[in-house]
Amino acid sequence: QVQVVESGGGLVQAGGSLRLSCAASGSIFRINAMGWYRQAPGKQRELVATITTTITSSSTNYADSVKGRFTISRDSAKNTVYLQMNSLKPEDTAIYYCYANLIPWIDGTLSSTTRDYWGQGTQVTVSS
């Protein structure tokens, strides 16, 4: 089984910073990508940032609304991804969900396909 667990949310004033962490654990063969989505009340879940890693390189992708303010990074040895959020705005208020796209072991057998696993979410509230 695979678990994805987020931490680091909370309440912060506008202009402040927060750092989210997300760790994937369990029967993992290889992680292809990890990232963050968010969902504000009454809105659809939207991409925040992703990081895709291969043997030789990694690449990041950000929503336009967070470019220059948020930074995603990954510690491959720990199967952990971080989201450093600076210059936070009230419109960043949302539940932030971490996901991992990976190849798991299933009952001792390597899965033939990649799968997405999601965390439970962590609340980020930015007050004006």
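A salt bridge is a side-chain nitrogen of Lys or Arg within 4 Å of a carboxyl oxygen of Asp or Glu. The model is predicted, so local features need pLDDT of at least 70 and side-chain atom pairs pLDDT 80 or more, while totals for chains, interfaces and linings use all residues. Residues are numbered from 1 along each chain as its sequence is written, and side-chain values use heavy atoms, without hydrogens and water.

**Exercise 1.** Find the salt bridges of D92 with R38 and with R69, and place the residues in the chain.

Solution.
1. The closest N and O atoms of D92 and R38 are 2.9 Å apart.
2. D92 lies in the loop between β8 and β9 and R38 in strand β4, so this pair ties together parts 54 residues apart in sequence. Strands (E, at least two residues) are DSSP runs, numbered from the N terminus.
3. For D92 and R69, the closest N and O atoms are 2.8 Å apart.
4. R69 sits in the loop between β6 (58-62) and β7, 23 residues from D92.
5. R38, E46, R69 and D92 are linked in a network of salt bridges.

**Exercise 2.** Decide whether D92, R38, R69 and D64 are buried or exposed.

Solution.
1. Buried means under 20% relative accessible area, exposed over 50%, and partly exposed in between (1.4 Å probe, protein chains only).
2. D92 has 1% relative accessibility, so D92 is buried.
3. R38, at 5%, is buried, and R69, at 10%, is buried too.
4. D64 has 64%, so D64 is exposed. D64 forms a salt bridge with K67, with the closest N and O atoms 3.1 Å apart.

Key. Helices (H or I, at least four residues) and strands (E, at least two) are DSSP runs, numbered from the N terminus.
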